Amino acid sequence: ALLLVAPAGLARAQCVPDWIAQSGTHLDDEVKALKVWDPDGPGPALPLLVVGGNFFHAGATTVNFIVTWDGQAFQPMGSGVTRGGVDAIALYQPPKSGWLGPRPVVGGFSGAVGQWDGTQWQPLGSGLGPEGSLLWLKTMAQFGPDLYIGGIFRSAGEVAATDIARWD
């Protein structure tokens, strides 16, 4: 018997990574934000990919800027977001909320900031000033449970804020 052993580098070179197109229902405009979310926390359901952008439809279904992807199909999140597109998605665990884990929070060009309550989108405060644009959302455990937002704005809710603010 003859046994051939290839060096590790040679064996890896035989597998060439490449893009795989997703088949099935397609979104009708651009995707701008993605976030992996596990809606039941440590429960048995698999995590979902939350997808936000400037799209209105997933196939024939109206989704208004936000959907989840379960690996097979897009699903709407309630009636979607009603003001503008979604430019940023974060996962936020409100203190003493009783949720199993963090929930999606989204924002975008319109200055609206919304949080998912499990069945529909709810405003997070009164959003940004009238000309506000939210470009990113971030939670940082090392600084506590607060949600940080950044973009182009002069106020967050009724508070004067220049381009960065914190929701507590």
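I began with Leu-135, which is partly exposed at a relative accessible area of 43% (buried means under 20%, exposed over 50%, partly exposed in between, with a 1.4 Å probe and protein chains only). Leu-135 lies in strand S11 (helices, H or I, of at least four residues and strands, E, of at least two are DSSP runs, numbered from the N terminus).

I noted that this is a predicted model, where local features need pLDDT of at least 70 and side-chain atom pairs count only at pLDDT 80 or more, while totals for chains, interfaces and linings use all residues. Residues are numbered from 1 along each chain as its sequence is written, and side-chain values use heavy atoms, with hydrogens and water left out.

**Patch**

I looked up what surrounds Leu-135 in its patch. Leu-135, Trp-136, Ile-152 and Ile-164 make up a nonpolar patch on the surface, with about 390 Å² of accessible area together. Patches take residues with over 30% relative accessible area and no salt bridge, joining like charges within 9 Å and nonpolar side chains (Val, Leu, Ile, Met, Phe, Trp, Tyr) within 5 Å. The areas come from the Shrake-Rupley method with a 1.4 Å probe; for residues, only the protein chains shown count as cover.

**Salt bridges**

I found three salt bridges in the structure (a side-chain nitrogen of Lys or Arg within 4 Å of a carboxyl oxygen of Asp or Glu). Side chains of opposite charge can pair when their charged atoms come close.

I checked Asp-87 and Lys-32, whose side chains meet at 2.8 Å, N to O. Asp-87 is in the loop between strands S6 (74-76) and S7 (88-92) and Lys-32 in strand S1 (residues 31-37), so the pair ties together parts 55 residues apart in sequence. Asp-87 is buried at 15%, and Lys-32 is partly exposed at 40%.

I then took Arg-166 and Asp-146, with closest N and O atoms 2.6 Å apart. Arg-166 sits in strand S15 (residues 164-167) and Asp-146 in the loop between strands S11 (133-139) and S12 (147-152), 20 residues apart. Asp-146 is buried at 10%.

Arg-154 is exposed at 53%.

**Positive phi**

I returned to Asp-163, which has a positive phi of about 70 degrees although it is not a glycine. Asp-163 is in the loop between strand S14 (159-160) and S15, partly exposed at 28%.

I also listed Phe-65, a residue other than glycine with phi near 80 degrees. Phe-65 is in the loop between strands S4 (61-62) and S5 (66-69), and is buried at 8%.
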